[in-house]
Amino acid sequence: MNHPEGRWSGLDNLLTRPGRFVGPGFEPGPELRDFLHDDCRILVVGAGGLGCELLKDLALSGFGSIDVIDMDTIDITNLNRQFLFRTADVGRSKAEVAAARTMQRVAGLTVTPHHAMIQDKGLDFYAQFHVIVLGLDSLEARRHMNAVACSFLSYNPDGTPDLATVKPLVDGGTEGLRGHARVLLPGVTPCFDCTLWLFPPQTKFPLCTIAETPRSPAHCIEYAKIILWPREHQDTAFDPDIEAHMHWMFARAQERAKEFGIQGVTLQLTQGVVKNIIPAIASTNAIVAASCALETLKLVTLASTGLDNYLMYSGVDGVYTLTTQYERDPACPVCSAGVPMTAPPTCTLRDLLGLLTLHPALGRLLREPSLSVGSVPLYARGVFEEETRPNLDRQLRELVTGPLVELTVNDKGLVAPLKVQLRLQVAEE
Amino acid sequence: VRVFDLSWSRSDGRHLRDRQCATTASHPPCRLSSAKVLIVGCTGLGAEVAKNIVLAGVGSVTLVDDTPCAQRDPGNFLVLADADGSRTVAQACAAMLREMNPLVDVQAQAGPPAGSGLEREAHGLVLDLTGDPASVSASSVACRAAGLPFFAGGSRGTIGWAFADLGEHRFVVERRGPGPDGAKQAEACSTSYPSWARAMAADVGGRSLKRVHPVYLMLRAQALSPSGAGEGAGAAAADAIARLDEELGRPSSLQAEALESMTCTAHGLPAVSAVLGGILANDVLKAVSGRGRPMDNFFLYSIADGAGVVDRWGDA
């Protein structure tokens with residue numbers, strides 16, 4: 001493999017010279033590039049529009065060991081932006097093809113593909129990586145990765161985050177001519193759950209989800225509208241006001257839903273959904289992914305001032321970018337040292353469990369919680385349920401010593417246990 | 001709203017149309033698919049812009065750059081690691097781009113990037129991505145004479161820049177109407193763009209130092225200095241800025257030192273080229289379709305501020 005002379009000279013200039021715009025603790029030297037190439041491990045989550053761009057940028061930026069995970073296979077509709085794929089690749093695993101093509105372009109690089117769902121990998125898998133970079137298209141997937149990254153975080157006895165346990169996440173997202181890049185340092189910057197209000201209810205869907213892995217009735221309806229209609233009605237534009245058109249759409253959406261075992265396609269939903277596909281453009285993915293790759297490079301080398309902490313891009317009306325320093329929610333259920341709660345000492349354990357499931361921040365994360373104090377279970381589901389059941393009717397003052405107790409809350413739906421800082425206090429009349 | 005353009009009928013036309021549907025949802029297909037774009041300079045930035053507009057589905061792209069592959073910009077990802085070192089980068093890029101989207105007519109034109117006799121009249125839009133001020137200046141003059149929309153751009157070290165000269169440009173911007181369910185309303189707009197020459201001669205003294213981006217000063221200095229875009233350009237730019245400061249009677253601009261370290265390498269960091277490439281490509285799509293406001297008239301980027309700045313220099 002031949003590469004031009006001075007292939008890494010740009011990177012060397014960045015990493016081996018002191019400068020004025022560097023991160024705190026930057027130590028220039030050739031060891032940095034060696035670290036990037038030999039020891040640093042990066043995980044790219046998603047091998048689609050953002051993932052292909054991320055792999056290219058990270059590979060060209062000197063990272064030598066990159067893993068990529070994606071459960072999807074390649075569809076024809078991906079080819080207008082997922083540039084590592086060709087028509088002949090349709091049906092193959094995105095992660096595998098992306099990895100192979102990236103290694104073809106950059107000598108001395110290892111890209112390891114994982115054709116799997118992110119939920120199928122355990123915390124020990126994710127623990128291997130220095131930085132995890134997200135090229136995802138859904139809020140649920142982001143929240144899962146957020147919970148994973150935050151699960152590694154510990155707090156010092158003085159309440160400050162233990163910086164050695166901070167697992168950085170870099171997240172990118174795009175939609176047409178708009179996008180964002182953000183840096184998540186658990187315990188330091190806000191995590192996803194701290195800033196959930198940034199995400200309005202999703203009403204648009206990525207095209208690749210519609211084409212290959214529909215999961216909801218809306219995906220099936222969009223498939224009928226954006227793929228099937230033009231195929232079978234080349235000269236006629238779809239008009240939602242024409243009854244025959246709408247019924248055709250509904251019938252096709254139902255067929256698709258049946259094929260994938262999805263419930264819930266109704267005529268009413270079809271009518272409500274037939275608008276607004278996300279246009280997906282290579283150039284917006286390029287901007288956002290490159291920003292994420294640069295932030296990853298800066299996180300690992302400290303060679304320049306890092307993004308703090310959210311960059312928004314809009315190309316609709318001119319070119320507009322805005323960097324915002326969002327703040328953590330100190331009571332965040334996912335990344336804080338514990339969600340504060342108060343209960344009277346005479347409260348029973350059963351009632352406390354009830355309070356937990358009704359709690360505004362915790363409630364949505366819990367279905368059937370188990371509780372413990374340190375390693376001592378108060379109420380456990382499963383094997384110890386019978387043994388701990390009598391505790392349900394006991395009062396808290398019999399079970400724990402107050403006034404402040406750190407509870408560990410566990411639940412099947414959680415990636416890792418949550419903490420609650422419970423204060424035992426008589427309610428004021 | 002019609003999503004597909006019937007002119008793309010091929011034997012397996014059904015599938016080929018499907019691949020473009022996501023892009024065409026936001027840009028009128030007929031204008032995009034008849035756009036003929038000329039890209040001068042197959043640098044890392046050139047490769048990024050070419051990739052983006054080829055994937056989006058322009059009609060044709062012509063590449064001009066006779067640099068042999070063995071001496072290519074290492075950030076040019078279109079050229080494979082085991083490419084034949086004696087082919088030109090234009091040829092290697094064209095081959096890869098044709099694979100990426102067989103619907104687009106991609107050609108490599110022989111000859112050096114900054115040559116005369118380029119058939120600019122055969123194209124609808126020109127991009128000079130060489131980063132060489134002499135080439136940019138010549139391309140700009142030729143495009144103005146032929147009435148062609150013109151973009152330029154470059155990336156060096158940790159900085160990048162883009163420039164647009166679309167002459168008298170008319171376009172439509174869609175705005176959401178009042179109320180929570182406001183229907184989209186189209187607003188007709190127009191902008192008069194200054195030429196590269198005017199942009200390089202704009203009055204710097206009238207602005208406070210804080211509002212003059214160091215990358216713009218670098219472009220001014222490069223336009224003045226004879227060493228152009230070579231290895232010593234950073235130092236020459238720093239010198240020229242110091243002289244500008246003196247002329248304007250200002251305390252020495254701290255930017256000069258920063259600029260030197262930013263620009264000492266000839267090539268841009270690959271991720272910087274990717275950001276610039278995305279910005280330029282989105283603006284090409286806007287210019288061709290007449291929908292959305294293109295940059296007016298510079299986009300200036302450095303990884304230290306991370307976000308990039310749009311700035312207007314020069315009177316139309």
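Predicted model: local features only at pLDDT ≥ 70, side-chain atom pairs only at ≥ 80, totals over all residues.

Tutor: Strand β7 covers residues 310-314 and runs antiparallel to β6(A), with 5 bridges joining them. Ala181(A) is also the bridge partner of Gly172(A). Two strands count as paired if DSSP finds at least two bridges between them. Strands are DSSP runs of E with at least two residues, helices are runs of H or I with at least four, and both are numbered from the N terminus.

β5(A) and β6(A) form a hairpin with 2 residues between them, and Gly176(A) in the turn has a positive phi of about 60°. Of the 7 residues of β6(A) (residues 178-184), 6 are buried, so the strand is largely enclosed by the rest of the structure. Here buried means under 20% relative accessible area, exposed means over 50%, and partly exposed is in between, with a 1.4 Å probe and protein chains only.

Helix α11 (residues 282-301) of chain A is also largely enclosed, because 19 of its 20 residues are buried. Its end C-alpha atoms are 28 Å apart, which agrees with the 28 Å that its 20 residues should span at 1.5 Å a residue; the expected span is 1.5 Å times one less than the number of residues. Just after α11(A), Leu302(A) takes a positive phi of about 60°.

Now to an annotated position. An unreviewed UniProt entry places the feature "active site" at Cys208(A); such annotations may be inferred rather than shown by experiment, feature names are shortened, and positions follow the numbering used here. Cys208(A) is in helix α7 (residues 207-212) and counts as buried because its relative accessibility is 8%. Leaving out residues up to four places away in sequence, Cys208(A) touches Asn78(A), Arg81(A), Gln82(A), Lys94(A), Asp137(A) and Thr213(A), where contact means heavy atoms within 4.5 Å. Lys94(A) is one of the buried residues of helix α4 of chain A.

A word on conventions: residues are numbered from 1 along each chain as its sequence is written, and chains are lettered from A and ligands numbered from 1 in the order in which they are written. Local features need pLDDT of at least 70, side-chain atom pairs count only at pLDDT 80 or more, totals for chains, interfaces and linings use all residues, and side-chain values use heavy atoms, leaving out hydrogens and water.
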